[in-house]
Amino acid sequence: MKFHHVRLILLGTTILSPGLLFAQFDPTATPASPSQPGRPQPQSSPAQQDSGPNAGDVGQVMQDKMFLRKAAEGGIAEVKLGQLAAQKGSDDVKEFGQKMVEDHTKLNLEIAQVADSMGVMLPKSMNKEDQAEYDKLNALSGNDFDIEYLSFMVKDHHKDLHEFRIEAASPTDATLHSEVVKAQGIIHDHTVMVDKLARARGIPVPTHGEHKPNPAPTL
């Protein structure tokens with residue numbers, strides 16, 4: 001009887017011990033619960049896709065390259081139109097046109113150097129709008145030429161000054177930034193000069209600040 005009793009106890013322990021072992025390993029099923037469909041996982045792909053700053057940098061670089069190409073086109077036009085003015089304009093218009101040739105020839109070379117350092121291919125000719133203006137001016141002479149040239153220069157310089165101001169506040173390349181700030185000062189001086197020439201001939205001139213991004217309302 002004693003032996004039988006001991007045997008029953010041993011048998012009971014062997015039956016219970018697998019249950020205890022199973023109970024110890026059963027909690028391993030709970031870590032699977034975070035991967036249930038409705039629950040967010042800490043190591044999800046959105047964390048890897050959260051590369052906003054890099055994406056923003058790429059966008060700004062593209063904007064800088066587009067700015068350089070547009071500036072190059074505009075610079076070529078300033079030189080070509082200035083050459084016409086130096087030939088066909090009245091004395092003060094000839095003087096202004098010659099200054100455009102000299103200043104923008106230098107600026108064009110400096111912009112080309114910056115573009116080369118950034119791996120940007122620049123256009124070699126004017127855009128269609130500037131070419132059309134060149135053709136129009138080439139067919140004019142005397143006062144008609146002066147009025148048309150100065151009117152175009154006023155519009156063009158105010159637009160350029162606005163665009164250079166925007167670019168000066170945002171470029172990612174330090175060399176480009178330095179060149180844009182320098183060119184902005186030169187274009188500002190040109191704008192003051194052409195506005196004065198235009199006013200003397202009764203040509204409308206934009207008011208100060210008209211081309212800023214968000215002009216404050218005047219009271």
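1. Contact here means heavy atoms within 4.5 Å. Among contacts in the protein chain between residues at least 6 apart in sequence, 76% join residues at least 24 apart. The model is predicted: local features need pLDDT of at least 70, side-chain atom pairs count only at pLDDT 80 or more, and totals for chains, interfaces and linings use all residues. Residues are numbered from 1 along each chain as its sequence is written, and side-chain values use heavy atoms, with hydrogens and water left out.

2. Overall make-up. The protein chain has seven helices and zero strands, where helices (H or I, at least four residues) and strands (E, at least two) are DSSP runs numbered from the N terminus. Along the sequence the pattern reads α-α-α-α-α-α-α. Of the 219 residues, 30% count as buried; buried means under 20% relative accessible area, exposed over 50%, and partly exposed in between (1.4 Å probe, protein chains only).

3. Aromatic pairs. Rings of Phe, Tyr and Trp (its six-membered ring) pair if their centres lie within 6.5 Å; planes under 30 degrees apart count as stacked, over 60 as edge-to-face and the rest as tilted. The count by this rule is three aromatic pairs. One of them joins Phe96 and Tyr149: the ring centres are 6.3 Å apart and the planes stand at 65°, so the pair is edge-to-face. This pair links distant parts of the chain, with Phe96 in helix H4 (residues 91-117) and Tyr149 in helix H6 (residues 142-168), 53 residues apart. Phe96 and Tyr149 are both buried.

4. How are the rings of Phe145 and Tyr149 arranged? They form a stacked pair, at 5.9 Å centre to centre and 10° between the planes. Both residues belong to helix H6, four residues apart, about one turn of the helix. Phe145 is buried, as is Tyr149. Through ring pairs, Phe96, Phe145 and Tyr149 are linked into a cluster.

5. H4 against H6. Two packed helices are described by the angle between their axes and the distance between the axes. Axes are lines fitted to C-alpha atoms, for helices over the stretch in contact, and angles run from 0 to 180 degrees between N-to-C directions. The axes of H4 and H6 come within 11 Å and cross at roughly 40°. H4 is therefore oblique to H6; angles under 35 degrees count as roughly parallel, over 145 as roughly antiparallel, 65 to 115 as roughly perpendicular and the rest as oblique. The crossing of H4 and H6 is left-handed, a term for the near helix being turned anticlockwise from the far one by less than a right angle, with right-handed if clockwise.

6. Residues of that contact. On the H4 side are Val93, Phe96, Gly97, Met100 and His104, which meet Phe145, Asp146, Tyr149, Leu150, Met153 and His157 in H6. By class, the contact of H4 with H6 has seven nonpolar, three polar and one charged residue. Ala, Val, Leu, Ile, Met, Phe, Trp, Tyr, Cys and Pro count as nonpolar, Asp, Glu, Lys and Arg as charged, and the others, Gly among them, as polar.

7. H5 against H6. The axes of helix H5 (residues 128-138) and H6 come within 10 Å and cross at roughly 160°, which makes H5 roughly antiparallel to H6. The crossing of H5 and H6 is left-handed. Glu129, Asp130, Glu133, Lys136 and Leu137 in H5 meet Phe145, Glu148, Tyr149, Phe152 and Lys155 in H6. This contact of H5 with H6 divides into four nonpolar, no polar and six charged residues.

8. H6 against H7. The axes of H6 and H7 come within 9 Å and cross at roughly 155°, so H6 and H7 are roughly antiparallel to each other. The crossing of H6 and H7 is left-handed. In the contact of H6 with H7 there are 14 nonpolar, seven polar and four charged residues.

9. Leu161 and Thr191. Leu161 is in helix H6 and is buried, with a relative accessible area of 7%. Not counting residues up to four places away in sequence, Leu161 touches Gln184, Ile187, His188 and Thr191. Leu161 and His188 are 27 residues apart in sequence and 6.5 Å apart in space, C-alpha to C-alpha. Thr191 lies in helix H7 (residues 174-200) and counts as buried at 5% relative accessibility. With the same exclusion of residues up to four places away in sequence, Thr191 touches His157, His158 and Leu161.
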